[in-house]
Amino acid sequence: MNLESLPKDFNWYSDNGIFLPMINDTGRNIFYNEAIKQSVAGKTVCDIGAGTGFLSILAAQHGASHVYAVEMDPGRAQLVRNMISHLNLQDKITVINDNFLNLDLKADIYVSETIGWHIFNEDILHIARHAQKHGGTFIPGTFKIKLVFYHNHPIFTV
């Protein structure tokens, strides 16, 4: 991977979309790895908001016939290109630098982690509706929201 292509002030701990704690989230990674492994073999996959290319790479490694890695940020799109080049997956993954909502991309499986820590701050519901107009399967397929109320929370105050 060519890290020189990243801006000099790039911060793996705070960059929106390439957030180091997120890509090191074991629970998240296990969920996506299993969901992708169980569904993509021989299918066309679209990774919406590709970020680092992590989900695109998982799909390619688990036998997707082809993967479209859609990333609207030019710097992140270049990072995905660098990652897939480093892993020699250029024949399996096509990077598209555009907003997914501007595209009419048909795939069998749509995968996205555009949820964000505010759950709906990256418009996941609109993205899912746009993806499903072609009848493909969307991963994640459901959301469960659990509310917990704290009195005098040690970190977050209201």
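## Overall make-up

Helices and strands are here DSSP runs, a helix having at least four residues and a strand at least two, numbered from the N terminus. On that basis the protein chain of this predicted model holds 5 helices and 5 strands. Read from the N terminus, these elements follow the order α-α-β-α-β-α-β-β-α-β.

The protein chain has 158 residues, and 39% of them count as buried. Among contacts in the protein chain with a separation of 6 or more, 64% come from residues 24 or more positions apart.

## The sheet

The 5 strands form an open, parallel sheet in the order β3-β2-β1-β4-β5. β3 and β5 (137–139) are its edge strands, each pairing on one side only. On average, neighbouring strands are turned by 20° against each other, direction ignored.

β2 and β3 run parallel and are joined by 4 bridges. In this part of the sheet, alanine 69 stands opposite valine 95 of β3.

## Helix α3

α3 lies across β1, β2, β3 and β4, and runs at about 180° to β2. The helix is mostly covered, with 6 of its 8 residues buried: Leu55, Ser56, Ile57, Leu58, Ala59 and Ala60. These buried residues pack against α2, β1 (44–48), β2, α4, β3 and β4.

Just after α3 comes glycine 63, which takes a positive phi of about 95°.

## Nonpolar cores

The largest nonpolar core contains 23 residues, of which Ile36, Val45, Val67, Ile84, Ile93 and Val111 touch the most other members. At least two residues of this core come from each of α2 (26–37), α3 (54–61), β2 (66–70), α4 (74–86), β3 (93–96) and β4 (109–112). The greatest contribution is that of α3, with 5 residues. Another core, of 13 residues, lies apart from this one and includes Cys46, Leu103, Ile127 and Phe138.

Which residues is isoleucine 93 in contact with, leaving aside its neighbours within four places in sequence? They are Ser56, Ile57, Ala60, His66, Val67, Ala69 and Ile84. Of these, Ser56, Ile57 and Ala60 are among the buried residues of α3, while Val67 and Ile84 are, with isoleucine 93 itself, among the core residues that touch the most other members.

Note on methods:
Residues numbered from 1 in each chain as written. Predicted model: local features only at pLDDT ≥ 70, side-chain atom pairs only at ≥ 80, totals over all residues. Heavy atoms only, no water. Core = buried A, V, L, I, M, F, W, Y, C linked by side-chain atoms within 4.5 Å. Buried < 20%, exposed > 50% of the residue type's maximum accessible area, 1.4 Å probe, protein only. Contact = heavy atoms within 4.5 Å. Pairing = 2+ DSSP bridges. Axes fitted to C-alpha atoms, helices over the stretch in contact; angles between N-to-C directions.
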